[in-house]
Amino acid sequence: MERHRFLRRFYPDQWVASAYGINYRQWFEKGYRAVAFDIDNTLVPHGAPADDRAIQLFRQLHTIGFKTCLVSNNKKSRVAPFAEDVHSDYLCMANKPAVRGYRKACERISVSPDKTLFIGDQLFTDVWGAKRAGLYTILVRPINPKEEIQIVLKRHLEKPVLKAYASDCLLQNPEEAKNDILKPQNDARETAGKK
Ligand SMILES: [Mg+2]
């Protein structure tokens, strides 16, 4: 249990291939009532508009009974049209990973943080803050592996944390780790390739 004590604070609650492969109905049955998302490289490639897949996902979430909120550090001009296309609430200029943005997003949709999932592709920007705000965090592989230089630098910082996380998961639950962590890298690349 003392393994990776420092790095553990950055661990996501789960790490999966894609926001599009999650069994959301199961989370609803567990008592979760809202899903908050990062946009860029989580739902679509950086800067891309909402595509059919994203629109369908939000339709499915709303049908299940979830409230949704987009939480982005980007400007209104990027976030508002996307939110309109997927019929979601949103918070732009959220100042992630500051805790306040995630709490504000939960207030906006009137769901408490402990009943809200947060899904994003960046460990320090998305997951770390959401976790401190009390949301359940799911890290996904970035849709587009080609990223801007400042994000590439952050990816290097993520590496030791994710390596520790993966090795802890392998110790605790080898089967789940094999499915959710070790395989997804290829899935994410394949998804990006199909675009
Ligand atoms: Mg992102």
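Guide: Gladly; what follows is a short talk about this predicted model.

Visitor: What makes up the secondary structure of the protein chain?

Guide: There are eight helices and six strands. Read from the N terminus, the elements run β-α-β-α-β-α-β-α-β-α-β-α-α-α.

Visitor: Which residues of helix H4 are called buried, and what does the word require?

Guide: H4 spans residues 99-109, and its buried residues are Gly101, Tyr102, Ala105 and Cys106. Over the whole chain of 195 residues, 37% count as buried.

Visitor: Why do you say that the buried residues of H4 line one face of the helix?

Guide: Look down the axis of H4: its buried residues fall within an arc of 135°, so they line one face. As background, an α-helix has 3.6 residues a turn, so residues three or four places apart point the same way.

Visitor: What covers the buried residues of H4?

Guide: The cover includes strands S2 (34-37), S3 (67-71), S4 (89-91) and S5 (116-120), along with helix H5 (123-132).

Visitor: Which residues touch the most other members of the largest nonpolar core?

Guide: Ala36, Phe37, Leu70 and Val71 do, in a core of 46 residues. Leaving aside residues up to four places away in sequence, Leu70 touches Phe37, Ile39, Val79, Phe82, Ala83, Ser88 and Tyr90. Contact here requires C-beta atoms within 7 Å, so each of these residues meets that limit with Leu70.

Technical notes:
Residues are numbered from 1 along each chain as its sequence is written. This is a predicted model: local features need pLDDT of at least 70, side-chain atom pairs count only at pLDDT 80 or more; totals for chains, interfaces and linings use all residues. A residue is buried if 20 or more other C-beta atoms lie within 10 Å of its own, exposed if 12 or fewer, and partly exposed in between; C-beta atoms are placed from the backbone. Helices (H or I, at least four residues) and strands (E, at least two) are DSSP runs, numbered from the N terminus. The arc is that of the directions from the helix axis to the C-beta atoms. Two residues are in contact if their C-beta atoms, placed from the backbone, lie within 7 Å. A nonpolar core is a set of buried Ala, Val, Leu, Ile, Met, Phe, Trp, Tyr and Cys residues joined through C-beta atoms within 7 Å.
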